[in-house]
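This report is for a reader who is new to the structure. Please look through the sequence and the model before reading on.

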Amino acid sequence: MELQINNLSKTYSNGVQALKDVNLTIPTGLYGLLGPNGAGKSTLMRILATLQEPDSGTISLGDIDVLKQKNEVRKTLGYLPQEFGVYPKSRAEDLLNHFAILKGIADRRARKEVVEALLKQTNLWDKRRQKLGGYSGGMKQRFGVAVALLGNPKVMIVDEPTAGLDPAERVRFLNLLSELGENSVVILSTHIVEDVSELCTRMAIIDQGQILIEAEPIKAIEGLKGKIWRKIIDKTVLPVVEREHKVISTKLLSGRTVVHIYSTENPGNGFEVVEPDLEDVYFKTMAGQPETPTVL
Amino acid sequence: MKCREILRFEIRYLLRHFSTWLLFLVFLVFGFIILRLVTLTDGTNYNAPGTIAFFTIFANFIWVVIGGGIAGEAATRDFQINMHPLSFTAPVSKRSYLGGRFLAALILNLMILFFLYLGFLISLYGPGFNPEFRSPFRFASYLTNFAYLAVPTVVATTSIQFTFAALSRRPIAGYLASIAIIIFSQFGGTTVLYALDWKVTGGLMDLLGTSIAADMEGWSPIEKNTRLIRLEGLWFWNRLLWFAIAVGVLALTYFKFNMRHVTQNSGWNLFRRRSAEKLSKGKTSSETAVEKHRIFQSITVPKFPRNFRFATYVRQVLALAHTSFLVVAGSRAGLTIVAILAIGTGLFATEYMQFFGVPLYARTEEVLRILTPALGTYKTHWIIIPLLIIFYASELIWREREAGINELYDTVPVPEAVAFLGKFLGMAMVIAFWMSFLMIAGIINQLIMGYYNFEILVYVKALFGFQFTNYLLFALLILVIHVLVNQKYLGLMVALGAYGFILFTPTLGIEHKMLIYASDTGWSYSDMSGFDPFLKPWLWFKFYWASWSFLLAVIAMLFWVRSRESEFGARIYQARHRLGNYKPALIIALILVLLSGGFVFYNTNIRNEYLQKSDYMETRVEYERHYSKYKSAVQPEMAVTKLHVEIYPEENSAEIHATYHLVNRSNVSIDSLHFTTIPRQEIENVSFDRQASPVVIDDKLGYRIYFLEEPLNPGDSILMKFLVNIRQHGFSNDGVDLSVIGNGSHIKRGDWMPTIGFDDDRRLYEERDREKFGLPVRPIRPSLYDVEARYDDRHAQQINFEAVIGTAKDQIAVAPGALQREWTKGDRRYFHYATNAPIHNDYAIFSAQYAVREAEWVPEPGENFAEIFADSIQPSNRTSKPVKIQVFYHPEHDENIDRMLKSAKVSMEYYSKEFGPYPYSHFRVLERPGPGRGMHAEPMTIDYASGYSLMNPQPDGLDLPYHIMSHEVAHQWWGFYLSPATVEGSGVLVESLATYSAMQVVEEALGYEHLMRYLSQMRQEYEVPRSQAAPPLLRANNSFLNYRKGPFAFYVLRNYIGKDRVNDALRQLLKEKPSEPPLPTTLDLYRELQAVTPDTLQYLVKDLFAENTFWELKTDVATTKKLETGMWQVTLEVKARKIAVDSMGIETEVPMKDWIEIGVYAPREKDKSSGKEIYLKKHRINSGKKRFIINVSEEPNNAGIDPNHLLIDLNLQNNTRKVKIDGVKEEEEEKGIL
């Protein structure tokens, strides 16, 4: 199963061009979609989740035309929106059971087992009789995950899921996703580089509606090996450094500024070479450094 | 000033809303249209304060129903857009925040009503308005109404809406507040005011001013044109109370409103304690910390294959229906409002299950009338059901999106059809519950009324068959509207608009039932005929509308919003995409609409002519235009009518083979015969016994002229034979004709049979209608002084009648006359009737599965009136043969039969003794299906609708059926023996005299006490607000004068001059004015009454009959002291005034020198309705004050002037008062302020 996105464009009625001629091929596995806020991630995710219409382009999932056979897509889809509400007066167990029916698990016994397993998996089992109105943000998020996981989706779309989770929850959730990625397409959109670097087998960076780079994280990092240089400087000299070098990121460290620059040769000047990480890939991509092979 | 800033911002925000402007527009247009649509008939001006008041109240009502959004929005917007964390943390005080928001809503709501007035003004002064109907501009007319009616209503309503919304944090609560106000103030207020008769409480509950509108019914046109609404009396306290309520609820909002974050959407729990939930919430946050290490456990979720078979979709629909049902059922108003209303309707059964104070048998037929209003009527409290449907449909459609869970729902593999059907089915389940509540209401009603024959099957058919279908169709339409409009509040307004359209189509002039959603040709259930006659057209119309709703549902599925894309273009795009899947359904729906529509149209417009109200009027107009020139053409008179009628109840058809025997009683030769036939009803096989050729055959307008080769000479006669076919051609837009039905056929002469000559009664009566069609204006009724009209005696002519009637074997057919023979032929039963004395040319033929009960009355020979009638025209008919009294009734409706027989017998006995003999050998009373409670008299025959038989008089209560029966028997004398000229006042000679005669029978047979009971019940109608403007009785022109004022006048006269003298006058009238032209009028009656009245009381006859007189009688002071002799000396100070009011309402004071009773009464003993009379004497009383000193032998309790309420006085309560004992201080000098 492979998700194929071709020439996808979308412009909102207020003139914002959310997607510009996006082409992606997303295989089975955990796929990270990285980009700053407002890059077009959610638009792309919602189009994949049958909630929005692109202006042009095609999407196919195996034999299914995602844009035309929406109901076929929904039969294998798990979707966790960036933001969602719940019925405050419903109980988790009841609502999950309700969604199980809607997702096509018609058999009562099967549904009972699935609901129980999912509630345990998301650790909501003890809270299953509690009204959703009393759930914390994280619990609500986990409930959403349970809904998305119902029915073993072949395509799982999770839009910025880690925003509301604390670090521990985040890690476990990502593990869960990567497990799921063993035989499903799992697309994870995020603006947090770590989300992608840890588990994603492939990733794309999107900004202003355009895919800047599509790569395997490891290969992308390897491609920068020996090209990222670091120096701790005083804030006042930053403009000078920026003029002389291709600065991709600056960071504060104990009151001083750490500058990362991109350079194929040793820039001297006290810069030391560092082991690149995905953050450097991201910042380098975002900084708009022309890089000949976009796909590594 | 933060408050001002919030106010400014809020108003600007609301003004940017489309819906705000829509509301402005709606009221502007309403104000404009309403003044152009209505017709004010009584001479009231369109800009009269009364008119403005009435429409202000009307518009207030509409505003309360649809205007809940503004206050709701203003109170809750921050929660809706989740901005409250920002605005609550801003340095704004609660007072400014709430104050600004509230004022903004208030100002906008006032602006809405301001637009209403703008609409009024544009309508009044815009082009096309006839300035004749407008009086000079008077600012106070608008200002007083706006200030006293509109503003307080808006203030109170906005406050309540704002409170509901602010405390529940949901804008929709504004609408709920509206519904609550309508239920409390309108339904509650009206019930309390009129049903329970608690005037003060009811008047205070009335927020909108409907009680003022009701009072205005009693204003004369002059009052309506000039009188301004003032803040006085009860109305002042009403406004004050509602203002206090407004302040109160606002204070509640202020104290209850929390400017803090609330995690749980608390929905309805306005006043619920939340401690339990707070506890559990606290626990949650502390526990999550502990649990963190355990989340997302690696548990293998079992993998079950999903399947998407039909059964799965069914399961999904059921799941969605179940949740949708729970949404409604779980909300506070969902099931409870209807349940409470149903239980109330049941428990208060005794309040409305009565007719003039007589309880009714709670047969299912009767109870269903209260439970099954048509969808298109608003005169029922069950209007709450459509309103709740509108409200909950929007809640269901918007539920996911309001909870923010829509994206989870939208991505599940549920087809749009399943989603839509799920919600529809949920709504259907709710409605089914409501229907069962209605059924319970009916059963409680029957239990309360002591009726235990529960016809559950009939309930099920009526409620779950007929009503459920209507509400389902309606619910589907509303769901579709909400889906298509896709904006909650706009959707609500469109839905209310659609409902308004269904309610007010008759006013809008749309009559074709194929254009009014979910409409039908009507139905009712009766014990006699069941649902049958109405079933077929009903089913077809419902099939037609169900097809439409199927089509609408498919359209809703196509446009079902399932994504962020809600712009029009995107929805079209999606609909086109979905079209593939829905094409078969769409095509089937279209085919069904076309098929059913085609069939219905074929019936309503092709097999039957489609006729609007205006078409019927036009037929009459054209008839008058074309043929009134023959009005005075000399025509033969009908002498004999012979019919052979074959009735086929099962086929709803009948054939009438008729033979008319016509005689030229004039002194000229007649060369052409004129007939008025029933428009659009062909008469077939016309033949004459001499050569006649048709000259005019106009079946459309209903006129025929035949030319006689050989003229009909004076004294000659001619036989005419023809056939009338009563046949149903499917059904028309008006339904089916009910003349021949399965059980309870009733074929009236006037509905089917041709008459001789031009029929002047077919003309349009209303002045405005005549003007509209360009016909010369003529009075509705000819003037009393129109001498020529006294010679029009066609209605008084008499015929001999004979009929052979065949009907189904299990039915009895009845026509006037003595039964000559009865036989059976095959599966048909035949009856042959012939009259043994002539009857008026007014008869009907009945056929039903009757039960019959008989009695015989033998007149005593040698009555004193014999010589009176010695010289009258038909002495031979007035013999002393026994009369057979028969009642033909539906076997189950047998409760009143003995009473009817008894009343008929006693009445005949009394009338024949007092007024003259009864001419026929039979007297028949027949039941027919229908809700009416009255009877209808024809010569020797009386028919009554089943509603009459459902009266259940109590031993100590009023025996109304007895009285009605007696009244109808009296028509054999007043109406048939004496046929007055059809001029003003004829109703006094027919109805007033029949009622007065019946009063004598009631007194004779049931006792004086019973007569008093009857009078006090009848007098209640005087208390209903009514304009004093009226013509005098001699020129009576309406039913109030004929049925109430007239009989009272005779009763008063009888109290002054004696019963015998009055009856002498009536006998004299009968003797002098038999049924030959010139026909008698009230002037003849007046003369006879004057003749028997002594000179000193002549003024009274004049006041009662020749003037429209009102007395204002009052006792100011009543004191007493015990004299040394042991007697009690009573001192009375009375005030008297007499006025004459003309038909425009202009009052003239008339100097008094009248004889009026002064009475003193002892305290009321237990189980007596009134105190013993210890003094009663007529005194001469002049206008102004007068003092009386009366000595009585017993201790008096109360005393006063005209204690028996003989004279017409609108305020009866102040005639007498409690007698105060001198020297004892009265504690309650003036009772309360209210």
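Which residues of α5(A) are buried? They are Met139(A), Gln141(A), Arg142(A), Phe143(A), Gly144(A), Val145(A), Ala146(A), Val147(A), Ala148(A) and Leu149(A). A residue counts as buried if 20 or more other C-beta atoms lie within 10 Å of its own, as exposed if 12 or fewer do, and as partly exposed in between, with C-beta atoms placed from the backbone.

## Basis of the model

This is a predicted model, in which local features need pLDDT of at least 70 and side-chain atom pairs count only at pLDDT 80 or more, while totals for chains, interfaces and linings use all residues. Residues are numbered from 1 along each chain as its sequence is written, and chains are lettered from A and ligands numbered from 1 in the order in which they are written.

## Helix α5 of chain A

Helices (H or I, at least four residues) and strands (E, at least two) are DSSP runs numbered from the N terminus. Helix α5 of chain A covers residues 137–149. Ten of its 13 residues are buried, so the helix is mostly covered. The expected span of a helix is 1.5 Å times one less than its number of residues. For α5(A) this gives 18 Å, which agrees with the 18 Å between its end C-alpha atoms.

## Positive phi angles

After α5(A) comes Gly151(A), with a positive phi near 80°. Most residues other than glycine have a negative phi. Asn152(A) is not a glycine, yet its phi is positive, at about 45°. Asn152(A) sits in the loop between α5 and β7 (155–159) of chain A and is partly exposed, with 19 other C-beta atoms within 10 Å.

In chain B, Phe356(B) has a positive phi of about 50° and is not a glycine. Its place is the loop between β1 (354–355) and β2 (358–359). Phe356(B) is partly exposed, with 15 other C-beta atoms within 10 Å.

## Chain B as a whole

Chain B contains 36 helices and 31 strands. Of its 1234 residues, 44% are buried. The C-alpha atoms fill a box of roughly 120 × 90 × 60 Å along the principal axes.

An automatic or database assignment divides chain B into domain 1 (2–263), domain 2 (314–607), domain 3 (623–777 + 787–853), domain 4 (886–1102) and domain 5 (1108–1234). The centres of domain 1 and domain 3 of chain B, taken over C-alpha atoms, are 57 Å apart.
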